[in-house]
Protein chains: 2
Amino acid sequence: MKNFAGTPGTLTGLILRIAQVMFAAGSIASMATTSSFFNFTAFCYLIASMGLQVIWSLGLALLDTYALATKRLLHNPILVSLFVIGDWVTATLSLAAASASAGITILYFHDLGGCTARMECQKYEISVAFAFLSWLTVFISSLIMFWLLAAG
Amino acid sequence: MKNFAGTPGTLTGLILRIAQVMFAAGSIASMATTSSFFNFTAFCYLIASMGLQVIWSLGLALLDTYALATKRLLHNPILVSLFVIGDWVTATLSLAAASASAGITILYFHDLGGCTARMECQKYEISVAFAFLSWLTVFISSLIMFWLLAAG
């Protein structure tokens, strides 16, 4: 298997994973500190999805760190297949959660004529923005993994 | 480039494209016949996104039909790159639109204690279901295209 930027066990791969963890954790932190997120199914789903993202990306970040420290290559086809499936599942869930939350945020901000609780609404917006950033970084990772698997 | 099920210019590829057009058109039809979709940004976005899906998939279905009729293979790398980009963009937009609409539908049905207009709500649900089915078929197409491009 070829070795290019973003593949498992490279520094760029590790940076991508750390970015995913940071954005997902930021999204959870911003959402979980609001007082009414549990009234909205989509916001609860966002927290669950971002939580899964943090666990998955953190696991792979640790694996990348180990690979970098021991100078091992993680380009085993079975391992890469596993990464591809995990990345695709988390990317799809993240996009769905971010979009569902964005739909509700736009509904409250725009369609229903503004949000009343100023501080809460800003937190919802920040959380959705972080969720989209998290999805973007996982999406890049998943494309790289899929390319690595397909190119052999 | 290899020739496997679902690649451009094959019968399975054509069937996938027709399914995408049918599901997306069904979603638009169900949503556009409600009387209040224009009050919701997410529902308008769903119609726009499904409209784009119909145009894109219909174009490729016609191209597949032409390729099948003239027994030509459409496995030119530049052409496949174009298909990959188009499929990925429409798949991402479709999932985002379907999720945003699903978020709002769940908000009205579940979080806010049931939907008052019975007929309208069923139409929203059917539209969202069709949108997800449309996304699923485009997603399969986009994976096949990406694999075809990467495997060379």
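1. Phe146(B) is buried in this predicted model, its relative accessible area being 7%. Trp88(B) is also a buried residue, with a value of 9%. Both fall under the 20% limit for relative accessible area, which is why they are classed as buried.

2. The rings of Trp88(B) and Phe146(B) form a pair, with 6.0 Å between their centres. Their planes stand at 85 degrees, so the arrangement is edge-to-face; the cut-off for that class is an angle over 60 degrees. This pair links distant parts of the chain. Trp88(B) belongs to helix H3 of chain B, residues 77–111, while Phe146(B) belongs to helix H4 of chain B, residues 118–151. The two positions are 58 residues apart.

3. What do ring pairs link into a cluster? The cluster includes Trp88(B) and Phe146(B), together with Trp135(B), Phe139(B) and Trp147(B). From chain A, Trp88(A), Trp135(A), Phe139(A), Phe146(A) and Trp147(A) belong to it. The cluster therefore has members from both chain A and chain B.

4. Over all chains, the structure holds 22 aromatic pairs. Another of the edge-to-face pairs is formed by Phe37(B) and Phe38(B), with ring centres 5.5 Å apart and planes at 70 degrees. Are these two residues buried or exposed? Phe37(B) has a relative accessibility of 17% and counts as buried, whereas Phe38(B), at 54%, counts as exposed.

5. On the interface: 25 residues of chain A are in contact with 24 residues of chain B. The area buried between the two chains is about 2,000 Å². Carbon and sulfur atoms give 78% of that area. How many salt bridges are counted between chain A and chain B? The count is zero.

6. On the side of chain A that touches chain B, helix H3 (77–111) and helix H4 (118–151) of chain A each supply at least two residues. H3(A) gives the most, with 13 residues. By residue class, this side of chain A divides into 18 nonpolar, six polar and one charged.

7. Chain A has four helices and zero strands, so in order from the N terminus its elements read α-α-α-α. Its C-alpha atoms fill a box of roughly 55 × 25 × 20 Å along the principal axes. Of the 152 residues in chain A, 51% are buried. Among contacts in chain A with a separation of 6 or more, 81% are between residues 24 or more positions apart.

8. One backbone value deserves a comment. Most residues other than glycine have a negative phi. Lys71(B) is not a glycine, yet its phi is positive, at about 55 degrees. Where is Lys71(B) found? The residue is in the loop between helix H2 (41–70) and H3 of chain B. With a relative accessibility of 76%, Lys71(B) counts as exposed, because the limit for that class is over 50%.

Notes
Residues are numbered from 1 along each chain as its sequence is written. Chains are lettered from A and ligands numbered from 1 in the order in which they are written. This is a predicted model: local features need pLDDT of at least 70, side-chain atom pairs count only at pLDDT 80 or more; totals for chains, interfaces and linings use all residues. Side-chain values use heavy atoms; hydrogens and water are left out. Contact means heavy atoms within 4.5 Å. Buried area is the accessible area (1.4 Å probe) that two parts lose on being put together, summed over both. A salt bridge is a side-chain nitrogen of Lys or Arg within 4 Å of a carboxyl oxygen of Asp or Glu. Ala, Val, Leu, Ile, Met, Phe, Trp, Tyr, Cys and Pro count as nonpolar, Asp, Glu, Lys and Arg as charged, and the others, Gly among them, as polar. Rings of Phe, Tyr and Trp (its six-membered ring) pair if their centres lie within 6.5 Å; planes under 30 degrees apart count as stacked, over 60 as edge-to-face and the rest as tilted. Buried means under 20% relative accessible area, exposed over 50%, partly exposed in between (1.4 Å probe, protein chains only).
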